[in-house]
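Me: Could you walk me through reading a few features of this model, one at a time? I'd like the general idea before each case.

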Amino acid sequence: MTHETSVSSRRRLDETGLTVFEGYAWMVWLGVALVLVAIEAATVDFTFLMLAGGALGASVAAAFGASVTVQAVVGALVSVALLAVVRPWLKNRFTVKTPAQLMGAAAHVGRSAVALDRVSPAGGTVKLAGETWSARTLGDSIEPGEEVVVDSIDGATAVVSRARLVGD
């Protein structure tokens, strides 16, 4: 090995810091992207997918002969851009929007029921969702057989009002 060859080898080591992957950096970035896609498959949050996109950007930069520093900057910029622009759109597009499911007594608010006996501010009973509930009104008394609407639930008592017909 001549003196000139050893100097150029040292120079290459000083400039890149990674002579082992010299010429194959694009494959390393591609491998990083594949690992990030595999992690994304487990998390399904679109974060690691955006980072994989950044690694692909760095892989392209490496394929065009950019230095390791430029590759890292390209990867970071592409990742940040994808996280800021594409990820929110993907999350919005693929996130299932389900209405809040009310449970327990709160699920009965707004339902209709039928008065089983006279319901007054002092009390009474209604048939609500196939069950007999104690009930009371906040105003007028309601006669047996009339349709009522549950306004609220107070403990184990349905607070009801007379059902209104459309146009009344």
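Reply: Let's begin with a term: contact here means heavy atoms within 4.5 Å. Keep in mind that this is a predicted model. With that in hand, look at helix H3: its buried residues pack against helix H2 (25-43) and helix H4 (68-94).

Me: Which residues of H3 are buried?

Reply: Buried means under 20% relative accessible area. In H3 that gives Met-50, Ala-52, Gly-53, Gly-54, Ala-55, Gly-57, Ala-58, Ser-59, Ala-61 and Ala-62. When you read such a list, remember that an α-helix has 3.6 residues a turn, so residues three or four places apart point the same way.

Me: What about aromatic pairs: how many does a search of the whole structure find?

Reply: The general idea is that a pair of aromatic rings is described by the distance of the centres and the angle of the planes. Searching the whole structure turns up one pair. That pair is Phe-46 with Phe-94, and it's tilted, with 6.2 Å centre to centre and 40° between the planes. It ties together distant parts of the chain: Phe-46 sits in the loop between H2 and H3, Phe-94 in helix H4, 48 residues apart.

Me: Is Phe-46 buried or exposed? And Phe-94, buried or exposed?

Reply: Phe-46 is buried, at 16% relative accessible area. Phe-94 counts as exposed because its relative accessibility is 54%, and the cut-off for exposed is over 50%.

Me: Now the surface. Which residues make the nonpolar patch?

Reply: Tyr-24, Trp-26, Met-27, Leu-30, Leu-34 and Leu-56 make it, covering about 580 Å². H2 gives the most, with four residues.

Me: Last one: where is Ser-120, and what is it in contact with?

Reply: Ser-120 lies in the loop between strand S1 (112-115) and strand S2 (125-128). Despite the loop setting, Ser-120 is buried, at 15% relative accessible area. Setting aside neighbours within four places in sequence, Ser-120 is in contact with Arg-136, Thr-137 and Ser-141.

Note on methods:
Residues are numbered from 1 along each chain as its sequence is written. This is a predicted model: local features need pLDDT of at least 70, side-chain atom pairs count only at pLDDT 80 or more; totals for chains, interfaces and linings use all residues. Side-chain values use heavy atoms; hydrogens and water are left out. Buried means under 20% relative accessible area, exposed over 50%, partly exposed in between (1.4 Å probe, protein chains only). Helices (H or I, at least four residues) and strands (E, at least two) are DSSP runs, numbered from the N terminus. Rings of Phe, Tyr and Trp (its six-membered ring) pair if their centres lie within 6.5 Å; planes under 30 degrees apart count as stacked, over 60 as edge-to-face and the rest as tilted. Patches are made of residues with over 30% relative accessible area and no salt bridge: like charges are joined within 9 Å, nonpolar side chains (Val, Leu, Ile, Met, Phe, Trp, Tyr) within 5 Å. Accessible areas come from the Shrake-Rupley method with a 1.4 Å probe; for residues, only the protein chains shown count as cover. A salt bridge is a side-chain nitrogen of Lys or Arg within 4 Å of a carboxyl oxygen of Asp or Glu.
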